[in-house]
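Trainee: I would like to learn how to read a model of this kind, feature by feature. Could we go through one together?

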Amino acid sequence: QVQLVESGGKLVQAGGSLNLSCAASGGTFSSYGMGWFRQAPGKEREFVAAIPWSGGRTYYGNSVKGRFTISRDNAKNTVYLQMNDLKPEDTAVYYCAAHGRGGRWYVGTQEFEYDYWGQGTQVTVSS
């Protein structure tokens, strides 16, 4: 069983930056593909970014492409989401998730592909 704990969310002004972290425990982190999703009030959960267990590629949702960067440090059992040029529409609860499927290049973009989820961290962007 993998436990995921997100941190780093806070209130920030538009145009600012945040770096979210997701610490994993209870499993072999280096064997899990990781992803970030977000959910704004009244909206469905949305895919943000994903990285395979190898770290060999990254994949992003269209709304964050060019502004957000996902990365992982397998030695620290942590995945990160660097968010730049934040906009009010980025306001949401951000969740990290882990899955154990696929090969070294596999990225999951759908919720059903993920087996483990964190509790979320709130990001609020003021205009």
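Trainee: How many of the residues of the chain count as buried, as a percentage?

Mentor: Keep in mind that this is a predicted model, and that a residue counts as buried when its relative accessible area is under 20%. By that cut-off, 45% of the 127 residues of the chain are buried. The accessible surface of the chain amounts to about 6200 Å², and carbon and sulfur atoms contribute 47% of it.

Trainee: Which secondary structure elements does the chain have, and in what pattern do they follow one another along the sequence?

Mentor: The chain has eleven strands and zero helices, so that reading along the sequence gives the pattern β-β-β-β-β-β-β-β-β-β-β. The radius of gyration is 13 Å, close to the 14 Å that the globule rule gives for 127 residues, and the chain is therefore as compact as a globular protein of that length. Along the principal axes, the C-alpha atoms fill a box of roughly 40 × 30 × 25 Å.

Trainee: What share of the contacts in the chain, among those with a separation of 6 or more, is due to residues 24 or more positions apart?

Mentor: A contact here means heavy atoms within 4.5 Å, and in this chain 59% of the contacts with a separation of 6 or more are between residues 24 or more positions apart.

Trainee: How many disulfides does a search of the whole structure find, and which residues form a disulfide?

Mentor: The search finds one disulfide, formed by C22 and C96, whose sulfur atoms are 1.9 Å apart. C22 belongs to strand β3 (residues 18-25) and C96 to strand β9, so the pair ties together parts that lie 74 residues apart in sequence. The link of C22 and C96 is right-handed, with 40 degrees about the S-S bond.

Trainee: Are C22 and C96 buried or exposed?

Mentor: Both C22 and C96 are buried. In strand β3 you will also find S21, which counts as buried at 19% relative accessibility. Not counting residues up to four places away in sequence, S21 touches V5, E6, S7, W36, T78, V79 and Y80.

Trainee: Where is Y80 found, and with which residues is Y80 in contact?

Mentor: Y80 is found in strand β8. Leaving aside neighbours within four places in sequence, the contacts of Y80 are N19, L20, S21, W36, T69, I70, S71 and D73.

Trainee: Which loop holds G100, and does G100 count as buried or exposed?

Mentor: G100 lies in the loop between β9 and β10 (116-117), and at 52% relative accessibility G100 counts as exposed, the cut-off for exposed being over 50%. Beyond the neighbours within four places in sequence, G100 is in contact with S31, Y32 and D115. Between G100 and F29 there are 9.5 Å from C-alpha to C-alpha, although the two are 71 residues apart in sequence.

Trainee: What is the value of phi for N77, and what is the value for D85?

Mentor: For N77, phi is near 55 degrees, a positive value in a residue other than glycine. N77 sits in the loop between β7 (68-73) and β8 (78-83) and is partly exposed, with a relative accessible area of 29%. For D85, phi is near 50 degrees, again a positive value in a residue other than glycine. D85 has its place in the loop between β8 and β9 (92-99) and is partly exposed, with a relative accessible area of 38%.

Trainee: How many positive and how many negative side chains does the chain have?

Mentor: The chain has 12 positive and 10 negative side chains, and the centres of these two sets lie 5 Å apart.

Note on methods. Residues numbered from 1 in each chain as written. Predicted model: local features only at pLDDT ≥ 70, side-chain atom pairs only at ≥ 80, totals over all residues. Heavy atoms only, no water. Helix = DSSP H or I, 4+ residues; strand = E, 2+ residues; numbered from the N terminus. Rg over C-alpha atoms; globule rule 2.2 N^0.38 Å. Buried < 20%, exposed > 50% of the residue type's maximum accessible area, 1.4 Å probe, protein only. Areas by Shrake-Rupley, 256 points an atom, 1.4 Å probe, with all protein chains shown as cover. Lys, Arg positive; Asp, Glu negative; His and termini not counted. Charge placed at Lys NZ, Arg CZ, Asp CG, Glu CD. Disulfide = S-S within 2.5 Å.
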